[in-house]
Amino acid sequence: MERNTPKKAVHFGAGNIGRGFVACFLHESGYEVIFAEVNDATVNKLNTHKSYKVIEVGAEGTTEKTITNYRAINSRTNEAALVEEIATADVVTCSVGPNILKFLAPVIAKGLAARSTDLTPAAVIACENAIGATDTLAEYIKSPENTNPALLEDYEKRASFANSAIDRIVPAQDPDAGLDVKLEKFYEWVVEKTPFKEWAVPDIKGIKWVDNLLPFIERKLYTVNTGHATAAYYGYTRRKSTVYDALQDKDIREEVKNALRETADLITEKHGIDEEEQKQYVDKIVRRISNPHLEDAVERVGRAPLRKLSRKERFIGPAAELAENGKDCSALLDAAEMAFRFQNVEGDEESFELAKIMEEKKPDEVVQEVCGLQPSEKLYPQVIDIVKRVQADSHEE
């Protein structure tokens with residue numbers, strides 16, 4: 001049953017991607033947006049200021065959009081109000097980081113439990129840089145700790161869970177930007193439509209609905225994120241200040257292209273994507289991350305090295321598959337080595353944790369714990385060699 005009330009979306013995370021990308025699309029599609037956020041200052045700003053700007057920058061100029069019709073709730077201190085909003089929301093989205101999903105699950109589960117099964121199910125879409133992020137969130141929501149197992153018998157009447165791939169570069173913002181967000185003009189938001197087979201897909205302008213999401217997720221993660229991180233880690237090692245600066249160095253630019261040639265080899269063969277189409281996509285990505293309007297500190301782009309070195313992420317994920325297939329993955333491994341060298345970087349907790357792990361653990365423990373690789377995998381000994389080399393260099397310093 002459809003409601004006659006205006007469309008409503010609850011979005012977890014009022015950061016730059018939340019305000020500048022997801023909420024912008026929801027607003028332009030006629031939704032009232034309720035931000036769920038833990039930062040008191042951000043909640044107060046959103047509730048005090050009735051509009052903010054999204055500034056899109058590109059080689060062809062700058063455009064501005066004004067976002068209105070939103071509210072914010074502190075999800076830590078006002079859970080009851082948030083549960084009420086989720087119980088009547090059309091869409092629930094999030095952009096909080098893959099490691100935070102488990103903390104959202106309890107309140108979303110309560111909201112869905114309070115939801116009338118007469119309503120069209122809420123569309124739950126996690127907008128994270130991770131493969132299967134909505135599936136992960138759904139597992140947390142449906143776990144016995146969060147949801148009464150009896151409700152699961154007809155849970156599809158409460159929610160439809162759809163994985164998505166998002167692609168938009170959002171650089172560090174000016175310190176005095178307030179709620180305004182600056183980002184690149186290019187965007188891609190791809191969502192699987194199969195979970196909505198009994199219902200119409202949500203009316204959100206700009207989403208590309210597909211039957212099979214994996215090619216889009218892997219192409220994006222193994223091209224945009226691999227390329228961006230490779231430039232940042234090489235840039236950091238070679239004392240460049242921004243990704244733009246790093247990519248002006250022809251040696252670093254070549255390293256990025258080499259890594260993306262390897263991931264292109266995997267993507268075209270695995271997903272049947274045309275080689276020329278992927279080459280054009282790679283060229284476009286290199287131009288995008290070289291955008292001088294999006295100057296971004298290498299420390300910011302490189303942050304969270306433990307996550308970025310994990311098994312399903314941008315380096316080890318494609319390299320492991322290439323190695324199993326007997327293909328070259330040397331450039332990806334070189335980039336992973338630069339990530340292992342991203343240690344004790346001010347403002348990034350994971351880089352300090354990485355340094356501690358590298359100092360205290362044996363190479364095989366590091367590779368299994370950080371990269372999730374097992375001795376039976378062909379990539380395993382090559383990553384062991386990288387860890388040994390980085391540890392040896394650290395001991396010499």
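Residues 212–375 have end C-alpha atoms 32 Å apart, and the span is 71% helix and 0% strand. Helices (H or I, at least four residues) and strands (E, at least two) are DSSP runs, numbered from the N terminus. The model is a predicted one: local features need pLDDT of at least 70 and side-chain atom pairs count only at pLDDT 80 or more, whereas totals for chains, interfaces and linings use all residues. Residues are numbered from 1 along each chain as its sequence is written, and side-chain values use heavy atoms, with hydrogens and water left out.

An unreviewed UniProt entry annotates residues 212–375 as "domain: Mannitol dehydrogenase C-terminal". The UniProt record, also marked as an unreviewed entry, places "domain: Mannitol dehydrogenase N-terminal" at residues 8–198. Such annotations may be inferred rather than shown by experiment; their positions follow the numbering used here, and feature names are shortened. The two spans are set out in the table.

| Span | End C-alpha separation | Helix | Strand |
|---|---|---|---|
| Residues 8–198 | 21 Å | 28% helix | 29% strand |
| Residues 212–375 | 32 Å | 71% helix | 0% strand |

Helix H13 (residues 330–340) packs against helix H16 (residues 380–396) at an angle of about 40°, the axes being 10 Å apart. Axes are lines fitted to C-alpha atoms, for helices over the stretch in contact, and angles run from 0 to 180 degrees between N-to-C directions. The H13–H16 crossing is right-handed, the near helix being turned clockwise from the far one by less than a right angle. H13 contributes Leu333, Glu337 and Phe340 to the contact, and H16 contributes Gln382, Val383, Ile386, Val387, Arg389 and Val390; contact means heavy atoms within 4.5 Å. By class, the residues of this contact are 6 nonpolar, 1 polar and 2 charged.

Isoleucine 131 lies in the loop between strand E7 (122–126) and helix H5 (133–142). With 28% relative accessibility, isoleucine 131 is partly exposed; buried means under 20% relative accessible area, exposed over 50%, and partly exposed in between (1.4 Å probe, protein chains only). Beyond its neighbours within four places in sequence, isoleucine 131 contacts Leu214, Ile217, Glu218, Leu221, Tyr222 and Lys312. Isoleucine 131 and glutamate 313 are 182 residues apart in sequence, yet 8.4 Å apart in space, C-alpha to C-alpha.

The structure holds 0 disulfides, a disulfide being a pair of cysteine sulfur atoms within 2.5 Å. For cysteine 24, the nearest cysteine sulfur, that of cysteine 127, is 13 Å away. Cysteine 24 is buried, at 0% relative accessible area. For cysteine 371, the nearest cysteine sulfur belongs to cysteine 329, 12 Å away. Cysteine 371 is buried, with a relative accessible area of 0%.

Definitions and conventions:
Ala, Val, Leu, Ile, Met, Phe, Trp, Tyr, Cys and Pro count as nonpolar, Asp, Glu, Lys and Arg as charged, and the others, Gly among them, as polar.
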